[in-house]
Amino acid sequence: MPKKISLTRYLVEQQRMEGHIPPELRLLLEVVARACKRISQAVSKGALGDVMGSAESENVQGEMQKKLDIIANEVLIEANEWGGHLAAMASEEMEGIYVVPNRYPQGEYLLMFDPLDGSSNIDVNVSIGTIFSVLVKPEGAGVSEQDFLQAGSKQVAAGYCVYGPQTTLVLTVGDGVTVFTLDREQGSSILTEEDLRVPDDTKEFAINMSNQRHWAAPVTRYINECMQGRDGPRGKDFNMRWVGSMVADVHRILTRGGIFMYPWDKREPEKAGKLRLLYEANPMSWLIEQAGGSATDGKQRIMDITPAKLHERVSVFMGSKNEVERVTRYHSEA
Ligand code: AHG
Ligand code: MN
Ligand code: MN
């Protein structure tokens, strides 16, 4: 029988390999995975736990918070603040950064997360998740918001956990994409797939079609061509999927290909898009790129953008390389 490789063993082996992950980063990733396991437990309790519905509060982005947004945020902070591996954390649910309290040792890493992605799906029992990204704190005393404003290309680890029919942790430390599935009986995450690849071509797109009338011309052109199917310029029929949780949509694309789009639109023209650069677009872009796909904001590679603020938003096109290149080209031709 093939040996089961746990996440712990995988990370220890990565640590042993020359030039791979340092011990503090290994610890950090184990702690994040443990926190995700706790979130997964809370999610699965549903109406039997006090986890459904609204928290009757708003976050810094002006979005209503769900109870689970707050629970997941607290679980991630509590799990990560005392280990000595982090200097500070930033989250979709917190306006400013969370500096590790000085009763604990300070580490050299910065952790960013979307504690609960797909909040609108919590109460309807559809897949949701946690997205995270890890940076190294720049040299110097103390830690500030400025330290977080690094391009995605500087990430040292990124991943997400999807709470769906299975709880699946998907991780990159810059050496391909690895998938772990939570074994609930054993309580540990087991490696179930290595070196995930996104096919270069696809016949499946993901976009919220209800925003169609608000899109910019290049997006309209791209989707119109897909919709014309085999009779149109693309010469093939396309399928559409939209879960409404980026984790679930990107997980599908990492598994079987596709293109995920959340473009800028005219509803709120002053915002670059809906999704956040630091803890949604960057980690997902790195995973997609590590799997051979690509990710742009329509003009440039997402991971090359230097953020100007913590909760910066960005237009997102990611997935199968040839489709992302096509819609990006439509932007430059417009
Ligand atoms: P969050 O729940 O963290 O606020 O993120 C929701 C995001 C993303 O997961 C998803 O792709 C998108 O919002 C869905 O947006 P629509 O409601 O426009 O479908
Ligand atoms: Mn999100
Ligand atoms: Mn969220």
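The donor residues of the manganese ion (ligand 3) follow the sequence spacing E-x21-D-x1-L in this predicted model. These donors are Glu92 (OE), Asp114 (OD) and Leu116 (O), which coordinate the manganese ion (ligand 3) at 2.2 to 2.6 Å. Donors are N, O and S atoms within 2.8 Å of the metal (3.2 Å for Na, K and Ca); water is not among the atoms, so sites may look incomplete. Asp114 has a relative accessible area of 0% and is buried, and Leu116, at 1% relative accessibility, is buried as well. Here, buried denotes under 20% relative accessible area, exposed over 50%, and partly exposed in between (1.4 Å probe, protein chains only).

Asp117 belongs to strand β5 (residues 109-117) and Glu280 to helix α6 (residues 277-290), so the pair ties together parts that are 163 residues apart in sequence. Helices (H or I, at least four residues) and strands (E, at least two) are DSSP runs, numbered from the N terminus. Both Asp117 and Glu280 are buried.

Zero disulfides are found in the whole structure, a disulfide being a pair of cysteine sulfur atoms within 2.5 Å. The sulfur of Cys36 has its closest cysteine sulfur in Cys161, at 4.4 Å, which is too far for a bond. Cys36 is buried, with a relative accessible area of 1%.

Residues are numbered from 1 along each chain as its sequence is written, while chains are lettered from A and ligands numbered from 1 in the order in which they are written. In this predicted model, local features need pLDDT of at least 70 and side-chain atom pairs count only at pLDDT 80 or more, whereas totals for chains, interfaces and linings use all residues; side-chain values use heavy atoms, with hydrogens and water left out.
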